[in-house]
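Please keep the sequence and the 3D view open as you read.

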Amino acid sequence: MNTAVTPKIKTLDMAYVAMFAILIAICAWISIPMTIPFTMQTFGIFLAVGVLGGKRGSLAVLVYLLMGIVGLPVFSGFTGGIGCLAGATGGYIVGFLLSALVVWAVEALTRSRKTWVLVLGMVLGLLTCYAFGTAWFMYFYARSTGPIGLATALGWCVFPYVVPDLVKIALALIIRKRLSAAIRIR
(Lines give C-alpha, C1' and ligand atoms only; values in the text may rest on other atoms or scores of the structure.)
Protein backbone atom coordinates (compact mmCIF):
# COMPACT_ATOMS: atom_id res chain seq x y z
CA MET A 1 0.00 0.00 0.00
CA ASN A 2 2.80 2.46 0.81
CA THR A 3 4.45 1.91 -2.58
CA ALA A 4 1.30 3.20 -4.30
CA VAL A 5 1.20 6.33 -2.13
CA THR A 6 4.87 7.26 -2.44
CA PRO A 7 4.89 8.03 -6.21
CA LYS A 8 1.72 10.11 -5.85
CA ILE A 9 3.27 12.18 -3.07
CA LYS A 10 6.47 12.62 -5.06
CA THR A 11 4.49 13.71 -8.10
CA LEU A 12 2.53 16.14 -5.97
CA ASP A 13 5.78 17.45 -4.45
CA MET A 14 7.21 18.04 -7.92
CA ALA A 15 4.06 19.88 -8.96
CA TYR A 16 4.18 22.13 -5.89
CA VAL A 17 7.90 22.81 -6.36
CA ALA A 18 7.32 23.73 -10.03
CA MET A 19 4.31 25.88 -9.16
CA PHE A 20 6.26 27.86 -6.57
CA ALA A 21 9.29 28.22 -8.87
CA ILE A 22 6.96 29.84 -11.40
CA LEU A 23 5.41 31.99 -8.66
CA ILE A 24 8.88 33.26 -7.73
CA ALA A 25 9.49 34.12 -11.40
CA ILE A 26 6.22 36.04 -11.58
CA CYS A 27 7.18 37.88 -8.39
CA ALA A 28 10.53 38.79 -10.00
CA TRP A 29 8.71 40.45 -12.86
CA ILE A 30 7.00 42.82 -10.43
CA SER A 31 9.96 45.19 -10.36
CA ILE A 32 10.99 48.78 -9.71
CA PRO A 33 14.42 49.47 -11.25
CA MET A 34 17.06 50.65 -8.75
CA THR A 35 20.74 49.77 -8.06
CA ILE A 36 19.37 46.45 -6.87
CA PRO A 37 15.90 46.17 -8.45
CA PHE A 38 13.03 46.26 -5.96
CA THR A 39 11.05 43.11 -6.68
CA MET A 40 8.64 40.75 -5.00
CA GLN A 41 11.11 37.84 -5.33
CA THR A 42 11.78 37.72 -1.60
CA PHE A 43 8.04 37.43 -1.03
CA GLY A 44 7.93 34.48 -3.43
CA ILE A 45 10.94 32.86 -1.74
CA PHE A 46 9.48 33.19 1.74
CA LEU A 47 6.02 32.09 0.63
CA ALA A 48 7.57 28.99 -0.96
CA VAL A 49 9.47 27.96 2.17
CA GLY A 50 6.56 28.96 4.37
CA VAL A 51 4.01 26.85 2.51
CA LEU A 52 6.16 24.00 1.19
CA GLY A 53 8.58 23.76 4.09
CA GLY A 54 12.33 24.19 3.98
CA LYS A 55 13.17 21.20 1.82
CA ARG A 56 10.57 21.64 -0.92
CA GLY A 57 10.80 25.43 -0.69
CA SER A 58 14.56 25.26 -1.23
CA LEU A 59 13.98 22.98 -4.21
CA ALA A 60 11.53 25.52 -5.65
CA VAL A 61 14.17 28.25 -5.31
CA LEU A 62 16.79 25.99 -6.90
CA VAL A 63 14.47 25.23 -9.82
CA TYR A 64 13.83 28.97 -10.21
CA LEU A 65 17.58 29.67 -10.30
CA LEU A 66 18.21 26.87 -12.79
CA MET A 67 15.45 28.23 -15.05
CA GLY A 68 17.20 31.60 -15.00
CA ILE A 69 20.67 30.13 -15.51
CA VAL A 70 19.58 28.29 -18.66
CA GLY A 71 18.29 31.56 -20.07
CA LEU A 72 14.59 31.66 -19.30
CA PRO A 73 13.60 35.27 -18.54
CA VAL A 74 12.65 34.63 -14.90
CA PHE A 75 14.82 37.27 -13.20
CA SER A 76 13.84 40.90 -12.68
CA GLY A 77 13.34 42.88 -15.86
CA PHE A 78 12.46 39.66 -17.74
CA THR A 79 16.14 38.70 -17.88
CA GLY A 80 17.83 35.34 -17.68
CA GLY A 81 21.12 33.59 -18.33
CA ILE A 82 24.29 32.97 -16.38
CA GLY A 83 25.36 36.55 -17.05
CA CYS A 84 22.73 37.77 -14.59
CA LEU A 85 24.52 35.88 -11.84
CA ALA A 86 27.97 36.98 -12.99
CA GLY A 87 27.22 40.67 -12.42
CA ALA A 88 27.35 42.81 -9.32
CA THR A 89 23.82 41.95 -8.21
CA GLY A 90 24.06 38.21 -8.88
CA GLY A 91 24.96 37.51 -5.27
CA TYR A 92 21.51 38.53 -4.15
CA ILE A 93 19.96 36.06 -6.59
CA VAL A 94 22.22 33.28 -5.30
CA GLY A 95 21.41 34.56 -1.80
CA PHE A 96 17.77 33.60 -2.36
CA LEU A 97 18.79 29.95 -2.30
CA LEU A 98 20.88 30.55 0.81
CA SER A 99 17.85 32.17 2.45
CA ALA A 100 15.71 29.14 1.74
CA LEU A 101 18.43 26.80 3.00
CA VAL A 102 18.69 28.79 6.24
CA VAL A 103 14.93 28.45 6.79
CA TRP A 104 15.26 24.70 6.16
CA ALA A 105 18.16 24.50 8.64
CA VAL A 106 16.22 26.36 11.33
CA GLU A 107 13.24 24.04 10.78
CA ALA A 108 15.50 21.00 11.01
CA LEU A 109 17.31 22.22 14.13
CA THR A 110 14.09 23.08 15.98
CA ARG A 111 12.09 20.21 14.46
CA SER A 112 9.21 22.61 14.17
CA ARG A 113 7.28 24.66 11.65
CA LYS A 114 5.62 26.91 14.18
CA THR A 115 5.22 30.54 13.17
CA TRP A 116 8.01 31.78 15.48
CA VAL A 117 10.39 29.22 13.93
CA LEU A 118 9.49 30.41 10.43
CA VAL A 119 9.91 34.06 11.45
CA LEU A 120 13.33 33.29 12.92
CA GLY A 121 14.37 31.28 9.85
CA MET A 122 13.11 33.89 7.41
CA VAL A 123 14.81 36.79 9.18
CA LEU A 124 18.08 34.85 9.46
CA GLY A 125 17.70 33.84 5.80
CA LEU A 126 17.16 37.45 4.79
CA LEU A 127 20.27 38.51 6.72
CA THR A 128 22.23 35.73 5.00
CA CYS A 129 21.04 36.93 1.60
CA TYR A 130 21.99 40.51 2.46
CA ALA A 131 25.45 39.50 3.71
CA PHE A 132 26.26 37.24 0.76
CA GLY A 133 24.79 39.60 -1.82
CA THR A 134 26.55 42.65 -0.40
CA ALA A 135 29.93 40.90 -0.31
CA TRP A 136 29.39 39.77 -3.90
CA PHE A 137 28.29 43.27 -4.93
CA MET A 138 31.36 44.88 -3.35
CA TYR A 139 33.69 42.42 -5.08
CA PHE A 140 32.19 42.83 -8.55
CA TYR A 141 31.68 46.56 -8.19
CA ALA A 142 35.35 46.97 -7.20
CA ARG A 143 36.46 44.93 -10.22
CA SER A 144 34.43 46.97 -12.71
CA THR A 145 34.31 50.46 -11.20
CA GLY A 146 36.61 50.69 -8.22
CA PRO A 147 36.54 50.03 -4.49
CA ILE A 148 33.39 50.77 -2.56
CA GLY A 149 32.97 51.08 1.19
CA LEU A 150 30.71 48.78 3.18
CA ALA A 151 28.54 51.68 4.36
CA THR A 152 28.00 52.82 0.77
CA ALA A 153 27.19 49.29 -0.41
CA LEU A 154 24.73 48.80 2.45
CA GLY A 155 23.18 52.20 1.68
CA TRP A 156 22.64 51.22 -1.93
CA CYS A 157 21.83 47.54 -1.60
CA VAL A 158 20.40 46.77 1.83
CA PHE A 159 19.02 49.67 3.87
CA PRO A 160 16.34 50.69 1.33
CA TYR A 161 15.07 47.09 1.27
CA VAL A 162 14.95 46.13 4.96
CA VAL A 163 11.47 47.43 5.78
CA PRO A 164 9.88 46.27 2.50
CA ASP A 165 11.46 42.82 2.92
CA LEU A 166 10.16 42.53 6.49
CA VAL A 167 6.71 43.48 5.21
CA LYS A 168 7.05 40.76 2.53
CA ILE A 169 7.95 38.22 5.24
CA ALA A 170 4.86 39.23 7.23
CA LEU A 171 2.68 39.00 4.12
CA ALA A 172 4.13 35.59 3.25
CA LEU A 173 3.37 34.34 6.77
CA ILE A 174 -0.22 35.62 6.61
CA ILE A 175 -0.86 34.04 3.20
CA ARG A 176 0.96 30.86 4.29
CA LYS A 177 -1.66 30.10 6.92
CA ARG A 178 -4.54 30.22 4.45
CA LEU A 179 -2.69 28.54 1.61
CA SER A 180 -1.25 25.75 3.75
CA ALA A 181 -4.72 24.89 5.02
CA ALA A 182 -6.10 24.89 1.50
CA ILE A 183 -3.51 22.62 -0.11
CA ARG A 184 -2.53 20.50 2.93
CA ILE A 185 1.13 19.90 2.24
CA ARG A 186 2.71 17.14 4.31
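The crossing of α2 and α5 is right-handed, where a right-handed crossing has the near helix turned clockwise from the far one by less than a right angle, and a left-handed one anticlockwise. The two helices, α2 and α5, pack at an angle of about 145 degrees with their axes 11 Å apart. This is a predicted model, in which local features need pLDDT of at least 70 and side-chain atom pairs count only at pLDDT 80 or more, while totals for chains, interfaces and linings use all residues. Residues are numbered from 1 along each chain as its sequence is written, and side-chain values use heavy atoms, with hydrogens and water left out.

- Helices (H or I, at least four residues) and strands (E, at least two) are DSSP runs, numbered from the N terminus.
- Axes are lines fitted to C-alpha atoms, for helices over the stretch in contact, and angles run from 0 to 180 degrees between N-to-C directions.
- On the α2 side, Phe 46, Val 49 and Gly 50 meet Leu 118, Met 122 and Leu 126 of α5; contact here means heavy atoms within 4.5 Å.
- The residues of this contact divide into 5 nonpolar, 1 polar and no charged, with Ala, Val, Leu, Ile, Met, Phe, Trp, Tyr, Cys and Pro counted as nonpolar, Asp, Glu, Lys and Arg as charged, and the others, Gly among them, as polar.

**Helix α5 against α7**

- Helix α5 (residues 115-144) and helix α7 (residues 159-183) have axes that come within 11 Å and cross at roughly 145 degrees.
- The crossing of α5 and α7 is right-handed.
- Residues making the contact include Thr 115, Leu 118 and Tyr 130 of α5, and Tyr 161, Asp 165 and Lys 177 of α7.
- By class, the contact of α5 with α7 has 11 nonpolar, 1 polar and 3 charged residues.

**Helix α7 and Arg 176**

- With 25 residues, α7 reaches 35 Å from its first C-alpha to its last, close to the 36 Å expected at 1.5 Å a residue; the expected span is 1.5 Å times one less than the number of residues.
- α7 bends by about 30 degrees at Arg 176, the bend being the angle between axes fitted to the seven residues ending there and the seven starting there.
- Arg 176 counts as buried because its relative accessibility is 11%; buried means under 20% relative accessible area, exposed over 50% and partly exposed in between (1.4 Å probe, protein chains only).
- The C-alpha atoms of Arg 176 and Gly 50 are separated by 5.9 Å, although the two residues are 126 apart along the chain.
- Leaving aside neighbours within four places in sequence, the contacts of Arg 176 include Leu 47, Gly 50, Arg 113 and Leu 118.
- The buried residues of α7 pack against β2 (38-39), α2 (41-69), α5 and α6 (150-157).

- Ser 99 is in helix α4 and is buried, with a relative accessible area of 2%.
- Not counting residues up to four places away in sequence, Ser 99 touches Phe 46, Gly 125, Leu 126 and Cys 129.

**Positive phi values**

- Most residues other than glycine have a negative phi.
- Phe 78 has a positive phi near 55 degrees and lies in the loop between α2 and α3 (82-86).
- Arg 111, in the loop between α4 (90-110) and α5, has a positive phi of about 55 degrees.
- Arg 184, which follows α7, has a positive phi near 45 degrees.
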